[in-house]
Amino acid sequence: MTQTIGFIGSGMIGGALARLAVAAGLNVVMSNSRGPETLADLVAELGEHARAAGREEAAQAGDLVVATVPMSAYDQLPAEALAGRTVIDTLNYYPERDGRIAELDGGDITSSELLQRHLTGSRVVKTLHNMDWIRLYSRARPAGAPDRSALPVAGDDPAAKAEMVRLLDVLGYDAVDIGTLADSWRCEPGTPVYVWPYLGERPEGATKEESQRWFREGPGEPVPADRVKELIDAAVRGPVGGSFAALPFWG
Ligand SMILES: NC(=O)c1ccc[n+]([C@@H]2O[C@H](COP(=O)([O-])OP(=O)(O)OC[C@H]3O[C@@H](n4cnc5c(N)ncnc54)[C@H](OP(=O)(O)O)[C@@H]3O)[C@@H](O)[C@H]2O)c1
């Protein structure tokens, strides 16, 4: 079982996952674009199971490595250092933030296939990308809890997917295997399983400010495995890329 998780990207999602990992007794090695010294506060908060490092070192320190950077930086992930490793892909494509990426706009490949193409020697697994960072932390539950949620998992390597399912269990989530990286369009931004089901109902008629408070403070809602399967089956392949206006904190 995984003992150390490397992180490339230590922002909202990286920070939330690292908190879950250290709470589960795992070690984490955090990295970002600006250098380890800029991660001192986060590492101090995470405690003795955490340290900061450069990207390559974080990549090599982890039994598993979380890639959690903006999609625009996918090709800066250190392919050589990540070779031979299972890489968890939380990346979502937002053209407003990432600029247009022609290969994705064609609609023929998923963002995870593009990442796998860059990380030729790694086993990419898509997961932990379809919940917002606040609920991702707050809705983690121990195995068997009645209000535990499930997350979709997609990947081309069955052993890497199985490893990922075990890690999700330790972090506080059930898993639903939805197929290969080519199938992962079913959980990309804008699909039924993306973010909203885990938030529950937004208060009717909420102003932008009320929506933002609801996003910051709302408890969210459990989404069990059966519901994840239904939502995945209901997906229809549509326009590529997410839109900020369609996100809950936009109001
Ligand atoms: N926020 C959410 O609720 C959410 C939910 C699901 C999925 N996602 C997806 O997960 C990814 C991360 O999102 P986030 O919200 O955590 O972003 P974020 O808060 O902006 O953090 C991004 C992290 O990536 C690092 N980074 C950027 N370019 C890098 C590079 N070239 N090499 C190494 N590290 C680099 C940044 O480091 P510096 O600060 O040093 O630049 C920062 O630590 C995105 O693709 C996003 O779409 C986000």
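Modeller: Start with the shell. The ligand is surrounded by 24 residues, and the closest are Ile 13, Ser 33, Arg 34, Val 69 and Gln 76. A residue counts as near a molecule if one of its heavy atoms lies within 4 Å of it. This is a predicted model, where local features need pLDDT of at least 70, side-chain atom pairs count only at pLDDT 80 or more, and totals for chains, interfaces and linings use all residues. Residues are numbered from 1 along each chain as its sequence is written, and side-chain values use heavy atoms, with hydrogens and water left out.

By class, the shell holds 10 nonpolar, 10 polar and four charged residues. Here Ala, Val, Leu, Ile, Met, Phe, Trp, Tyr, Cys and Pro are nonpolar, Asp, Glu, Lys and Arg are charged, and the others, Gly among them, are polar.

Now the atoms. A polar backbone atom of Ile 13 lies 2.8 Å from an oxygen atom of the ligand. Val 69 also has a polar backbone atom 2.8 Å from a ligand oxygen. With Arg 97, an N or O atom in the side chain is 3.1 Å from an oxygen of the ligand. The ligand exposes 900 Å² when taken alone, and the protein buries 82% of that. These areas come from the Shrake-Rupley method with a 1.4 Å probe.

Thr 86 lies in strand 5, residues 86-89. Helices (H or I, at least four residues) and strands (E, at least two) are DSSP runs, numbered from the N terminus. Thr 86 counts as buried because its relative accessibility is 0%. Buried means under 20% relative accessible area, exposed over 50%, and partly exposed in between, with a 1.4 Å probe and protein chains only. The side chain of Thr 86 makes a polar contact of 2.8 Å with the side chain of Glu 163. Another, of 3.2 Å, links Thr 86 to the side chain of Arg 123. A polar contact is a pair of N or O atoms within 3.5 Å; within protein, one must be able to donate a hydrogen and the other to accept it, and residues adjacent in sequence count only if both atoms are side-chain atoms.

Asn 130 is in the loop between strand 6 (123-126) and helix 8 (133-138). Asn 130 is buried, because its relative accessibility is 0%. Its side chain joins that of Tyr 198 in a polar contact of 3.3 Å.

Glu 221 is in the loop between helix 11 (208-217) and helix 12 (225-233). At 39% relative accessibility, Glu 221 is partly exposed.
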